[in-house]
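Hi,

Here is the structure I said I would pass on.

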Amino acid sequence: MKTYALILFLACTHTLHADIPFIITFQGFLTHAQSFPAYDTLEIDFSLYAYSESDIPLWSEHHSTSLLNGIFQVNLGEKVPLELDFSQQLWLGMALDGQEILPRMKIGVVPKAVHALIADS
């Protein structure tokens, strides 16, 4: 079993044009247990939940990604549309090679700001 440390970055991109989907750019930095950067190819499952300890995801998407110097990037919503209510609190779950990283990450201000833009248009 591989052990990783994870540093995460979230960015949100959105346009008000109806034909372009809502995408969350997700970046992370993974190291092995010995603290050196990982160079693996990983199978990563991302899920969004209404509660931090919920068993039922509101949305999920699978990505196969390669790490270079421990860094990876995926676009959430690229494969499965993010058709969620971002006015409510959401939690991001992430599983590497089938093992969920806990605790789940609280989704912050940026997607909620996008919701406000959409609600006002």
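**What I found**

Of the contacts in the protein between residues at least 6 apart in sequence, 56% join residues at least 24 apart (contact means heavy atoms within 4.5 Å). Before you go further: this is a predicted model, where local features need pLDDT of at least 70, side-chain atom pairs count only at pLDDT 80 or more, and totals for chains, interfaces and linings use all residues. Residues are numbered from 1 along each chain as its sequence is written, and side-chain values use heavy atoms, with hydrogens and water left out.

**The overall layout**

The protein has seven strands and one helix, and along the sequence they follow the pattern β-β-β-β-β-β-β-α. Both kinds of element are DSSP runs numbered from the N terminus: helices are H or I with at least four residues, strands are E with at least two. Buried residues account for 36% of the 121 residues. Here buried means under 20% relative accessible area, exposed means over 50%, and partly exposed is in between, with a 1.4 Å probe and protein chains only.

**The sheet**

Four strands make an open sheet in the order β4-β3-β6-β7, with antiparallel pairing. Two strands count as paired if DSSP finds at least two bridges between them. β4 and β7 (99-106) are at the edges with a single partner strand each, so one side of each has no neighbour in the sheet. From one strand to the next, the twist averages 20° (axes are lines fitted to C-alpha atoms, for helices over the stretch in contact, and angles run from 0 to 180 degrees between N-to-C directions).

Eight bridges join β3 to β4 (residues 59-66), and the two run antiparallel. β3 also pairs with β6 (residues 91-96), again in the antiparallel sense, over six bridges. Phe 46 has Glu 61 as its bridge partner in β4 and stands opposite Met 94 in β6.

β4 itself has two faces: Trp 59, Glu 61, His 63 and Thr 65 are on the covered one, while Ser 60, His 62, Ser 64 and Ser 66 are on the uncovered one.

Ser 47 is also in strand β3, and its relative accessibility is 10%, so Ser 47 counts as buried. Leaving aside residues up to four places away in sequence, Ser 47 touches Pro 57, Trp 59, Ser 60, Trp 91, Leu 92 and Gly 93.

**The aromatic rings and the core**

A search of the whole structure turns up two aromatic pairs. Rings of Phe, Tyr and Trp (its six-membered ring) pair if their centres lie within 6.5 Å; planes under 30 degrees apart are stacked, over 60 edge-to-face, and the rest tilted. Phe 26 and Phe 46 are edge-to-face, at 5.1 Å centre to centre with 70° between the planes. That pair links distant parts of the chain, with Phe 26 in β2 (residues 23-32) and Phe 46 in β3 (residues 41-49), 20 residues apart. Phe 26 and Phe 46 are both buried.

Phe 26 and Phe 72 have ring centres 6.0 Å apart and planes at 40°, so this pair is tilted. It also links distant parts of the chain: Phe 26 is in β2 and Phe 72 in β5 (residues 71-76), 46 residues apart. Phe 72 is buried, as is Phe 26. Together, Phe 26, Phe 46 and Phe 72 form one aromatic cluster.

What about the largest nonpolar core: which of its 22 residues touch the most other members? They are Phe 26, Phe 46, Phe 72, Leu 76, Leu 92 and Met 94. β2, β3, β5 and β6 each supply at least two residues of this core, and β3 gives the most, with four. A nonpolar core here is a set of buried Ala, Val, Leu, Ile, Met, Phe, Trp, Tyr and Cys residues joined through side-chain atoms within 4.5 Å.

**One more residue**

Phe 22 is in the loop between β1 (4-13) and β2. With a relative accessible area of 10%, Phe 22 is buried. Phe 22 and Leu 82 are 60 residues apart in sequence, yet 6.4 Å apart in space, C-alpha to C-alpha.

Cheers
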